[in-house]
Amino acid sequence: MLINIFSVASRDLLVSVINFGISSLLARALEKEVLGIWFALQTMFLVCDSILRYRSDVVMVLRYKSGENPAALGSQFVIAAASSLVIFLIALIFSNLIFNKIQFIVPLKDPWAVKVVLTSLSISVLASTYIYYLTAQKAFQRYNLILIGQALVNFAVVGGMVLFGSKTVMVPVTGQLATWLLVLPIAIMTLLSLRRDVAWHEVKILGKEGIHFQFNSVIATFQSQIPRLFALFFLTIEDLADIGLIFILVSLMLKYPSAINTVFFGEQKENFFIGL
């Protein structure tokens, strides 16, 4: 276990350095107004993620580790694919409405920014399930490569767009989309490889037990996002930019506790059982 903790912690150090480089690049290249809009869009992403990404993926890991149950893996991928499709439909149908509402808070001019953020959220649901799948399999090397690859792709896309003169909010928005697109083909291939393991009774169990984790996720997210929401509704766009950079630095400092939790989660006792 100590080797896995060291491996994941080393990965998070590298990812933190890359993300710090991305944040520094954005802070130097973009105006404060643009950074404030990016902060608002990120807040929307995090809140929507807590509500729309069903947390049955946690149950999947626990049920799989309790008895090496392959039906839990395939069934969770079906739930994730359905959730991803629902969010994508929301992006298609309601993105203009969401764009109009956001304009009352921040001076966002490009409706495509909302569409791309919601598309990123849609893809992230399936991609996140794949990352949980790697945790269940204790495939920490692939887990590390995925996260490092995401950070490098984000850096390349953001750096490339800035280099070619782009100074709009589409720079970080496109970078975020690219990080999830990197994982999407692997997640889809895994979904297809596990489709024979899908069991509808397992889908029912994951759905029922996931309610507890979903509720906790929504509460925890809103508690952690209260400062963001306060800043969003009561501060100026320039203040939002400064606050956003502080949030980035704080999130980077919290990487190491997250790394340790990842390993402990993958090392759950095999006699742990959750279900009907």
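Analyst: A helix here is a DSSP run of H or I with at least four residues, and helices are numbered from the N terminus. The model is predicted.

User: How many helices and how many strands are there in the protein?
Analyst: Read along the sequence, the pattern is α-α-α-α-α-α-α-α-α-α. The count by type is 10 helices and zero strands.

User: What percentage of the residues in the protein is buried?
Analyst: Buried means under 20% relative accessible area. The protein has 276 residues. The buried share of them is 50%.

User: Which element gives the largest share of the lining of the second largest pocket?
Analyst: This pocket has a volume of about 270 Å³. Its lining has 13 residues, and the closest to the centre are T43, M44, V47, I102 and L232. Two or more lining residues come from each of α2 (32–52), α4 and α8 (200–234). The largest share, seven residues, comes from α2.

User: How do the lining residues of the second largest pocket divide into nonpolar, polar and charged?
Analyst: The lining of this pocket holds 13 residues. By class they divide into 11 nonpolar, one polar and one charged.

User: How many cavities of 30 Å³ or more are there, and how much space lies in the largest?
Analyst: A cavity is a set of points where a 1.4 Å probe fits but cannot get out. With the cut-off at 30 Å³ or more, the count is one cavity. The space in the largest cavity is about 40 Å³.

User: Which element gives the largest share of the lining of the largest cavity?
Analyst: The lining residues are R53, Y54, D57, Q76, I79, A80, S83, V125 and T129. The largest share, four residues, comes from α4.

User: What is the make-up of the lining of the largest cavity by class?
Analyst: R53, D57, Q76 and I79 are among the residues that line the largest cavity. By class, the lining has four nonpolar, three polar and two charged residues.

User: Is I93 buried or exposed?
Analyst: I93 sits in helix α4, residues 70–102. Exposed means over 50% relative accessible area. I93 has 59% relative accessibility, so the residue counts as exposed.

User: What is the area of the nonpolar surface patch that includes I93?
Analyst: A patch takes residues with over 30% relative accessible area. I93 is at 59%. L85, F88, L89, L92, F94 and L97 make the patch together with I93, and its area is about 680 Å².

Note on methods: Residues are numbered from 1 along each chain as its sequence is written. This is a predicted model: local features need pLDDT of at least 70, side-chain atom pairs count only at pLDDT 80 or more; totals for chains, interfaces and linings use all residues. Side-chain values use heavy atoms; hydrogens and water are left out. Patches are made of residues with over 30% relative accessible area and no salt bridge: like charges are joined within 9 Å, nonpolar side chains (Val, Leu, Ile, Met, Phe, Trp, Tyr) within 5 Å. Accessible areas come from the Shrake-Rupley method with a 1.4 Å probe; for residues, only the protein chains shown count as cover. A salt bridge is a side-chain nitrogen of Lys or Arg within 4 Å of a carboxyl oxygen of Asp or Glu. Buried means under 20% relative accessible area, exposed over 50%, partly exposed in between (1.4 Å probe, protein chains only). On a 1 Å grid over the protein atoms alone, a cavity is a set of points where a 1.4 Å probe fits but cannot get out, and a pocket is an open set with protein on both sides within 12 Å along at least five of seven lines; lining residues have an atom within 4 Å of a point. Grid points are joined across faces, edges and corners, and a volume is the space filled by probe spheres set on the points. Ala, Val, Leu, Ile, Met, Phe, Trp, Tyr, Cys and Pro count as nonpolar, Asp, Glu, Lys and Arg as charged, and the others, Gly among them, as polar.
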